Amino acid sequence: MPLLAAVGITPMRVAGKGAHWLWGKCKPAVVTAIVLVGALKLTSYIQRQNRRKKWNNAGKDVVVLHSFPRGKFCPNLSPFVVKLETYLRMAAIPYELDTVEPIGPKGKCPWITLNGEEIADSQLIMEKLSKLYGKNFSTHLSEEQKALALSMRIMIEEHFLWCLILWRYIIDEGRSFFNGMIVPKVFHVVFFLLKRYLKKACHMQGIGRHSYEEIEEMGRKDLAALSSWLGDKPFFMGEKPTEVDCAIFGMLSQIQWNSAGSPYLHMLESDFVNLSAYCLRVKEKFWPDWNKCLYPPVE
Ligand SMILES: N[C@@H](CCC(=O)N[C@@H](CS)C(=O)NCC(=O)O)C(=O)O
């Protein structure tokens, strides 16, 4: 090595010469690639800006709800979209749907654009809209009842959700998912990536470390708790529907209409029939146009 260095051959010089030779050979291809990527990025930026211009012009106080495309049996395969859309209907807030950009500023679906502002997370959106439109459906509840409603929402959204994710994407291998909405073919090919991502997420959350029997039992306990609290009441907090109904209906709608063959659907049909009847009741009250909101629409 010292000998080579003495005649001026150092690793840096060899690398430099190599890069120079490569650049000379590949220059046109590299320049073309840079121009192409640049053009693609610019086009996508312009399209993004144009979409925003359109959404900002939706009209004052009109919500643009960004979500996944419509489902075949339930308007959406996201419990959080069904939750938010049910709230918009409950509060009679005007909204329009966008399915071009379902993932929002926090990397999740749904999100909304309202008067040029982008807001993410179904719960934060509902709280914001509740103030803006003066639509709070829980004012008549005692502090104790509000605490109970919050606990039920967290149980269903932060615990039961994982039981369902695990069933939908890992156990069922996405069958009910692909059956429930029209998905581009390429998505079928790359489904293994989504499955891998969700498996990792379930492991990180902790639920993925249990056996499937244990997870199913945890899910059953959540549904049993909801069923016994609901009892014969029409809605979770009594005679009148409140915000927690949106969250619970959002999740139960996924069992009722998007989980054919799942143990959770079986539970709704056998042990917790009041939850199944509740789904039909909320659907009837807030989704009279349900069939038209499916894709393809049902006459
Ligand atoms: N806390 C959020 C949860 C939303 C959420 O988890 N959405 C799912 C679809 S159902 C999502 O976008 N997942 C994408 C991801 O986790 O990367 C909300 O209430 O909006």
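At what angle do helix α3 and helix α4 pack, and how far apart are their axes? First, the ground rules. I am working with a predicted model, where local features need pLDDT of at least 70, side-chain atom pairs count only at pLDDT 80 or more, and totals for chains, interfaces and linings use all residues. I number residues from 1 along each chain as its sequence is written, and side-chain values use heavy atoms, with hydrogens and water left out.

**Entry: two helices**

I looked up α3 (residues 79–90) and α4 (residues 122–133): they pack at about 10 degrees, with axes 10 Å apart. For the axes, lines are fitted to C-alpha atoms, for helices over the stretch in contact, and angles run from 0 to 180 degrees between N-to-C directions. Helices here are DSSP runs (H or I, at least four residues), strands are E runs of at least two, and both are numbered from the N terminus.

Who meets whom? From α3 I noted Phe-80, Lys-83, Leu-84, Tyr-87 and Leu-88, and they meet Ser-122, Gln-123, Ile-125, Met-126, Leu-129 and Ser-130 in α4. Contact means heavy atoms within 4.5 Å. I sorted the residues of this contact into 7 nonpolar, 3 polar and 1 charged. Ala, Val, Leu, Ile, Met, Phe, Trp, Tyr, Cys and Pro count as nonpolar, Asp, Glu, Lys and Arg as charged, and the others, Gly among them, as polar.

**Entry: helix α10**

I counted 16 residues in α10 (residues 243–258), which reaches 22 Å from its first C-alpha to its last, close to the 22 Å expected at 1.5 Å a residue. The expected span is 1.5 Å times one less than the number of residues. Where does α10 bend? I found a bend of about 25 degrees at Leu-252, taken as the angle between axes fitted to the seven residues ending there and the seven starting there.

Also, 16 of the 16 residues of α10 are buried (under 20% relative accessible area; exposed is over 50%, partly exposed in between, with a 1.4 Å probe and protein chains only). Gln-256 sits in α10 and counts as buried at 18%. Leaving aside neighbours within four places in sequence, Gln-256 touches Leu-265, Leu-268, Ser-276, Cys-279 and Leu-280. I checked Leu-268 again: its C-alpha is 7.6 Å from that of Gln-256, and the two are 12 residues apart along the chain.

Thr-242 is in the loop between α9 (212–230) and α10. Is Thr-242 buried or exposed? Buried, at 0% relative accessibility. Among its contacts beyond four places in sequence I wrote down Met-90, Phe-137 and His-140.

I found a cis peptide bond from Cys-109 to Pro-110, with omega near 10 degrees. Pro-110 is in the loop between β2 (95–98) and β3 (111–114). Another cis bond joins Tyr-295 and Pro-296, with omega about 0 degrees, and Pro-296 is in the segment after α12 (273–286).

Then positive phi values. Asp-61 has phi near 60 degrees without being a glycine; its place is the loop between α2 (11–56) and β1 (63–66), and it is partly exposed at 24%. Glu-173, also not a glycine, has phi of about 55 degrees. Glu-173 lies in the loop between α5 (143–171) and α6 (175–180) and is partly exposed at 39%.
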